[in-house]
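Let's take a friendly walk through this model together. Have the sequence and the 3D view ready as you read.

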Amino acid sequence: MEVMQRSWIERSDEEELQLDDANVDPDIIEDEDIYVASYYQLMWWRFRKHRMALLSGVLVVILYGIAAFAEFVAPYDPEQSFVQYKYVPPVTIRIIDAEGNLRRPFVHKIVRERDPETLRNIYTEDKTIVYPIRFFVRGTEYEMWDQFTTSWHLYGLDVPHEEQGVFLMGADRLGRDLFSRLCYGARISLTIGLVSVVISLVIGILLGGISGFYGGAIDNAIQRLIEFIRSIPEIPLIMALAAALPADWPVLRLYFGVTILLSFVGWTGLARVVRGRFLSMREEDFVMAARFCGSGEMRIILRHMVPSFLSHIIASLTLAIPGIILSETGLSFIGLGLRAPAISWGVLLQEAQNLRSVALAPWVLTPGLAVVLAVLAFNFLGDGIRDAADPYAK
């Protein structure tokens, strides 16, 4: 009996120690689950404790969902102009009418007047006319992913667009709905960061892995190339390479040109991380065992060495995406990146270069808020993944 009691106490101490080492909340996980939990389960349990990272992950999924279904989410075509509503401010969505009755969400009719002194357009609400906001309404036809044609939109008004529009974030100088343009701009601004990071991942793992795995003259050559690229100031290098892109290129070619440009500058940091990991792991027991079993070098690199620190790579890439988004936004803002008719958050921010426009219509800075929101979400998500990548760390 005493032996059984001592064994039970030792087992309980081991459970408590392992839970403490994994930094997992014991209120979430049963004591027995820790013995059969995989590495990725421990990662998920620790990631769930990072509330901001969890919330940011949901926000990132929503942003990419908007980018994927921009035609459906946006109530209007991004180039559709409401001539009578140039620089109209964001509308106020109401649920209580002028008589105090509770109604479904609606907007009042917007009436345009002209200031006799400054000749500025002044927009007021006609409280007697109510336009209910409806969901899943038909509007402008579009092609979803170039596969099928439809006219369904997430929300809108049951009135012709010549009469009234629902401007959640106002309109620009041509009367185009800013929220619709933000949805379409998210497609380029978010995907260009993702594609650039994937290209940087391939180049960084390939060159960094070769450098750390083989060493010698190959290592010296690759490291000198990395040092040469990193010795050049990053911002002037990006600006010089972006200025070399032909201005008459179509939107799709310019998009891939900017993507490859940002990838060319951003792969060096990941390559050094991969090289350091390979240098420390190439003499490990599991690598030697794979060699003795007859595995080829590429199989050892891709099937054994890279997966061993894949979580660290994912965390690094998640933290690298905000830098790519900011670089694209900055290049487009100063006219060296994407240009109209392309729609990205940086292109939309070109409207804010005019101080008169900002003074008269401060809502043209909304794309900047979208950039800040996306960058913060990626940074919090990257911090959470980086912490969860080592679930046994204190």
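In what order do the strands of the open sheet lie, and in which sense do they pair? This is a predicted model, and in it the sheet has 4 strands in the order β1-β2-β3-β4, with antiparallel pairing. Its edge strands are β1 (94-96) and β4, each of which pairs on one side only. From one strand to the next, the twist averages 50°.

Now let's move across the sheet. Strand β2 (residues 102-114) is joined to β3 by 9 bridges, and the two run antiparallel.

Next, look at the nonpolar cores. The largest has 79 residues, of which F167, L190, F278, M305 and W345 touch the most other members. Helix α6 (residues 178-214) gives the most to this core, with 11 residues. A second, separate core of 5 residues includes I222, I226, W267 and A271. Leaving aside neighbours within four places in sequence, F167 is in contact with F82, Y85, V88, P89, P90, V91, I110 and D177.

Finally, turn to helix α12 (residues 310-333). At 1.5 Å a residue, its 24 residues should span 34 Å, and its end C-alpha atoms are 35 Å apart, which agrees. Just after α12, G335 takes a positive phi of about 85°.

How values were computed. Residues numbered from 1 in each chain as written. Predicted model: local features only at pLDDT ≥ 70, side-chain atom pairs only at ≥ 80, totals over all residues. Heavy atoms only, no water. Core = buried A, V, L, I, M, F, W, Y, C linked by side-chain atoms within 4.5 Å. Buried < 20%, exposed > 50% of the residue type's maximum accessible area, 1.4 Å probe, protein only. Contact = heavy atoms within 4.5 Å. Expected span 1.5 Å × (residues − 1). Pairing = 2+ DSSP bridges. Axes fitted to C-alpha atoms, helices over the stretch in contact; angles between N-to-C directions.
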